[in-house]
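This report describes selected features of a protein model. Please view the sequence and the structure together while reading.

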Amino acid sequence: MRLKDRNCLVTGSNRGIGAGIALRLADEGANVALVYLEGDLEVESVATQIRHRGRTALVFRTDLRDPQALHAMMTQVIAEFGDLHLLVNNAGIGLFAPFLETSLEAWNDTINTNLRAAFLCSQIAARHMAERKFGRIVHITSTLSQVAAPNLAPYCASKAALAMLTKAMAAELGPLGIRVNAVGPGTIRTQLNAALLDTDEMEAREAALIPTRRIGHSDDIAAMVAFLASDEADQINGQNILVDGGLTALSPQPPYLNANK
Ligand code: NDP
């Protein structure tokens, strides 16, 4: 119960990694505001599970690409909770297209969801947290904040920028009692990448690339977020911690070095 009575907001928390984070925070004693766009049934299920844990769950259907809607949601969360202690900017999209065919619309959608919304939510949250001299903000980045993948140029750019925003925010907000960190998932089985992990064979091929030899789970990410949000991580600030089983620690291996299967 490291987060007892802390009030948290997790964007994109009706499913996938965000739902895992929201439930883990509730397990640690926190109340959670859930923000989503389309998953009405899913968000109600997550909210019910949080309430069964004896915690408060608030639910907001908000398009985070819309700054006015985002502002209204943030204002209401802060008003209803009274205090906001933790913001997790998790909502994200990844639209696959070759760089030469990437449309302006795909670029804008990706940047506005993955980066601009995190900036705007953080600014509103941090103004509130600074008045209380207490706050934690965690951005969910990706291994693709540090290494690139083909057909995902706007996604890679948005995540790299989010990693740098983490450092810039940490530098300015640390003296105000607000710690800012990022968690970069490796491959986690969710709807975001369902097409890449469609069959057992595809999953086995993907897992073979990872030194821990397994695909990640939302719990792996949620555990790191809960730790960063807790007082145990009091001196950790401005970091982008990759939770990827060691995937990005490896350079591509030539076959003659590939003895350690
Ligand atoms: P999912 O696709 O499963 O979930 C995405 C979430 O974001 C959903 O809750 C969705 O809501 C929400 N969302 C998307 N657009 C908007 C919007 N405009 N307004 C409000 N909410 C929105 O993704 P994951 O759980 O896999 O990913 C979560 C985060 O982790 C993302 O930032 C992603 O980039 C990152 N990540 C994931 C990896 C993976 O392997 N899965 C790897 C590396 C990083 P709704 O369902 O209601 O539309």
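The sections below treat helix packing, salt bridges, cysteines and backbone angles in this predicted model.

## Packing of α3 against α4

Two packed helices are described by the angle between their axes and the distance between the axes. Helix α3, residues 67–81, packs with α4 at an angle of about 35 degrees, and the two axes lie 10 Å apart. The crossing of α3 past α4 is right-handed.

On the α3 side, the contact involves Pro-67, Leu-70, His-71, Met-73, Met-74 and Ile-78. Their partners in α4 are Arg-116, Ala-117, Leu-120, Cys-121, Ile-124, Ala-125 and His-128. Sorted by class, the contact comprises 10 nonpolar, 2 polar and 1 charged residues.

## Salt bridges

Side chains of opposite charge can pair when their charged atoms come close. The structure holds 17 salt bridges. One of them joins Arg-55 and Asp-5, whose closest N and O atoms are 3.0 Å apart. This pair links distant parts of the chain, 50 residues apart: Arg-55 belongs to the loop between α2 (40–52) and β3 (57–61), and Asp-5 to the segment before β1. Arg-55 counts as buried at 13% relative accessibility, whereas Asp-5 is partly exposed at 47%.

Arg-189 and Glu-203 also form a salt bridge, with an N to O distance of 2.2 Å. Because Arg-189 lies in the loop between β6 (178–185) and α6 (200–208) and Glu-203 in helix α6, the pair ties together parts that are 14 residues apart in sequence. Arg-189, at 44% relative accessibility, is partly exposed, and Glu-203 is partly exposed at 24%. A further bridge connects Arg-65 with Asp-63 at 2.8 Å, N to O.

## Cysteines

How many disulfides does the whole structure contain? The search finds 0. The sulfur of Cys-8 is 14 Å from the closest cysteine sulfur, that of Cys-121, and is therefore too far away for a bond, given that a disulfide requires sulfur atoms within 2.5 Å. Cys-8 is buried, with 1% relative accessibility, and Cys-121 is buried at 0%.

## Positive phi angles

Asp-5, in the segment before β1 (7–11), has a positive phi of about 65 degrees although it is not a glycine. Lys-133 likewise has a positive phi, near 55 degrees, in a residue other than glycine. Lys-133 is placed in the loop between α4 (104–132) and β5 (135–140) and is exposed, with a relative accessible area of 51%.

Key
Residues are numbered from 1 along each chain as its sequence is written. This is a predicted model: local features need pLDDT of at least 70, side-chain atom pairs count only at pLDDT 80 or more; totals for chains, interfaces and linings use all residues. Side-chain values use heavy atoms; hydrogens and water are left out. Buried means under 20% relative accessible area, exposed over 50%, partly exposed in between (1.4 Å probe, protein chains only). Helices (H or I, at least four residues) and strands (E, at least two) are DSSP runs, numbered from the N terminus. Axes are lines fitted to C-alpha atoms, for helices over the stretch in contact, and angles run from 0 to 180 degrees between N-to-C directions. A crossing is left-handed if the near helix is turned anticlockwise from the far one by less than a right angle, and right-handed if clockwise. Contact means heavy atoms within 4.5 Å. Ala, Val, Leu, Ile, Met, Phe, Trp, Tyr, Cys and Pro count as nonpolar, Asp, Glu, Lys and Arg as charged, and the others, Gly among them, as polar. A salt bridge is a side-chain nitrogen of Lys or Arg within 4 Å of a carboxyl oxygen of Asp or Glu.
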